[in-house]
Structures are given as C-alpha cells and as structure tokens.
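Take a moment with it before reading on.

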Amino acid sequence: MDKKNATHRTHTYSPLTAYHPIFSQRRIEQVRHFALAFVLLFLFWLLLSGHYDIFHISIGIFCCLFISYTSGDFLFLHIGAGDTHLIIPRLLMYIPWLFYQIVSSNIHLVKLVFSPINRLNPRILPYQVKLTNGLSLVTLANSITLTPGTITIELEDNTFFIHAIDDASANDLLTGEMENRVDKVFLPIAHTKKRSREMLAAEADNLIVKTVVRLFTPFIQIYALYVIAHGHYSPGGGFQGGVILAAGIILLSLAFGLKKTLTKITERLIVMLSSLGVLIYGGIGLLCLLLGGNYLDYKELDILLNIGIPQARSMGILGVEIGVGIAVMACMISIFYDIATAGDLPDHNQSVDENIESFNPGDSN
Amino acid sequence: MESFFLGVCLFLCLLVLPCLYRAIVGPTVIDRMVAIGAIGTKTLVILVLMGFLYKRIAMFIDISMVYAILNFISTLAAARYFEVKGEI
C-alpha cells in the first residue's frame, strides 16, 4: 500500500502527468491489464485453434481484443499492491504437492470404500484459518475440495465449514500443512492485509464462487468465439457458440446477482443484439439474392469479395455463423432474464423490482 | 489399447445406471442433484474415450469442454436456488 502511494505521488508530481492525463497511474494500470489479458487469452486461443494461417490468427486477435476489452478486467482480482508476479513461481511449486495430495487421498478413499469394516465417520467441522488474503482463502478452499474426502461447504470470515468423510481426512486437514503451504504461496502479497480485509467485507458472501467465476468468464467467452469461428472444421458453429456465450453471462448473473448484470447487459441491449443477429443472417442471404443467386447462395459473394468461389463460400458461412451466434446468445439471455424474474423485468431507468431482490437477497451492491 | 478403451467406456456406461436409478428414485432433491452431477462427470470421461476410439480426439475434447461448462453452471444454478429458497 505504501509502495503504491509512493509511486502514485511521483507520477502526480512529474511534469508529464500534470499535462497529459493519459499517463496517469490508473491509465497505465488499465493498459497493463488490457495487454496482460490479451496475451493470456490469445495463448488460450492458439491452444484451442490448431489452424495457424493468417486468416484464423487474425480472427483470433480480433476476438481476443474484443474480449479483453469487454471482460478482461475479470481476470484481475484487485489483490492490491505488492509483488504479485512473485506468486506465479510459488504457485507452480505448490501445484505438484497438491497433485500428490489428491492422488494419495484418492487411494485412501478407495481403500475406505472397499474395506469390509465401516470406518466412515462423516461430520462437518469448523476450521479456523489465519489467512486474511481473499485469493489465498479461495485457493485453500478449492484445494480442500479437490482432495477427495474433504469438501468446503462454506466460508465465513476466516472460518471454513468442512465436510470430512472419516477421521484420517479430518486429521490430515487439521494438521494445517495445506494452510501453511498456501500461506507461503501468497506471502508476496501478505502485507496488503488491510486492503484484502476490505475486499473480504465487500465480497463477503460467495467469495469463492465469485472469484472462480471471474477467472473463468473470459476464457468461456473466448471458447465460445472459437466455437463460432471454427464451426466449419470442428463441431459447433453459430448456435452452439451462441449458447456458450449466453452461458457465460448466465454464470456471471448467478454469481454476482441479476441486478448487477442487468445494469451492464440491459434488456434493451439484448433486444438490439437479437435483431442485429437476424439482420446479419438475413442480410447475407438477401445479398446473395440481389447478386443473382439463390437465398444464402454464398458463391455469388465472390463478385463482391473477388477471392475465389471456395473462399467466398467460407466467408459467407462465417458471416452467417456470426449472425446466428449473436441472435442465439441474445435469445438465450432474454429467456434466462424472463425465467429468473418470472417475466417481470423492470424498465432500465426504473428502480429495481422486488422479484430481483428476492432472486438474490444476499447481493447488497 | 483400443479394446481397453472400449472396455472402460462400457464399464462407465454401466456405472451410469446406478446413478440414473438414484436420479429417478432418489428420495430428496439433493440426491437427484448429486446423481446428475456424477452422470455428467462420467459422460465427460466417456466422450474423451470415444475421441480415442474414433481417432478424432481434438473434436471430442471440444464437446467435452462444453459439457463441463454446462455441468458447472447447472450445479451452481441449483445450489443458488436452494440458497435463496432455503428449503429442500
């Protein structure tokens, strides 16, 4: 925190910042986040794609730019100042140990299942931890759930409620080795305690779900765009990609509350998008008709594009897939909105309806 | 190796049946939810194994990833529903 303040001060007093707001600390941070999100998402795209020609890579760059602009922020958890980059090597050291734990407790569980004597002793035990950082709490909770035999049920302040299936699993956990290792991983940002306490208060309920959903959503969206763009090589296409895109949005509104989602993705936007999708689809079809072919007769597009009939067909199909994807996404989201609010959506400028409150009473912001 | 994958596939298909029984008969809704979750996980593995059998692993990985996402979302939605409703 002190370090951040110090750097902020130097920026405020430098002549550059005084005259060019573009160099402000916040702006630099935003650009850095955008670039990092883009790199991560593009690596994910390359991993998925398998087609490394200029056409597909340029589609990939466009999709990744779009997603990093719209939801790249989700990847950054505002864990505060500190040497955040030091976490990654420590995390890589932690994962093999976690993997070993998963395998060994799996074997233990198999023995338990097949043993003739009933040694199961299931119970729910509270487990107080000394961790304060939100990210380390989430990591510990997920590690506990990943190792068979123990499941994190709830997290309240610094107390986990854990379901353990027998004595050995419970005792393994209560030795605190896992906690110490997680603590070590997040040591570089441990001094941002105050900030993370504030974050804990702000996201007190469903910290685990919210964090996981935040990290997932951009990758789900990139995956959906990959499905749309590669519809003519692999299973999928506009319909499937649109459904996955909508699933990403539904996931967000499940985790953060419908109220918050409705402020970002309004019903108005959804109606506009669904019409836009149909317009793209019908427009390409009619364009083919106007150029002298049949409806959706893609080879006629060659007259405009002048790239050869096979390529023109490919482009036409891609355009139609994009249109279908947008329309399906919008329809799915609007169906979800209607079901979740029992068909009683408020106007975007009116105060939020009671139905939404009852759908998500825990969400205070 | 192929017959091994086929065997594993068939065995997993057989294992789906008890889960299906629990999902249909299951006395409480939670039983059904857990059963559906277990079936989803098995389906995921079966899909990847089918990819090995048909020698089109890339394609089947795509499908199984979608299945994993949808499984995750459905579990979350059900959990959320019970949290809000507060009853089973």
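Predicted model: local features only at pLDDT ≥ 70, side-chain atom pairs only at ≥ 80, totals over all residues.

Chain A has an open, antiparallel sheet of three strands, in the order E1-E3-E2. Strands E1 (123-128) and E2 (150-156) of chain A sit at the edges with a single partner strand each, so one side of each has no neighbour in the sheet. On average, neighbouring strands here are turned by 25° against each other, direction ignored.

E1(A) runs antiparallel to E3(A), residues 159-164, and the two pair over six bridges. In that pairing, A:Leu125 has A:Ile162 as its bridge partner. Then there's helix H7 of chain A (residues 167-174), which packs on the sheet and touches E1, E2 and E3 of chain A. The direction of H7(A) makes about 155° with that of E3(A).

## Where the chains meet

On the chain B side, 13 residues are in contact with 16 residues of chain A. Sort those chain B residues by type and you get 11 nonpolar, two charged and no polar.

## Chain B on its own

Chain B has three helices and zero strands, so its radius of gyration is the next thing to check: at 15 Å it is well over the 12 Å that the globule rule gives for 88 residues, which means chain B is more spread out than a compact globule. Its C-alpha atoms fill a box of roughly 50 × 25 × 10 Å along the principal axes.

Among chain B contacts between residues at least 6 apart in sequence, 47% join residues at least 24 apart.

Technical notes:
Residues numbered from 1 in each chain as written. Chains lettered and ligands numbered in written order. Pairing = 2+ DSSP bridges. Helix = DSSP H or I, 4+ residues; strand = E, 2+ residues; numbered from the N terminus. Axes fitted to C-alpha atoms, helices over the stretch in contact; angles between N-to-C directions. Contact = placed C-beta atoms within 7 Å. Nonpolar A, V, L, I, M, F, W, Y, C, P; charged D, E, K, R; others polar. Rg over C-alpha atoms; globule rule 2.2 N^0.38 Å.
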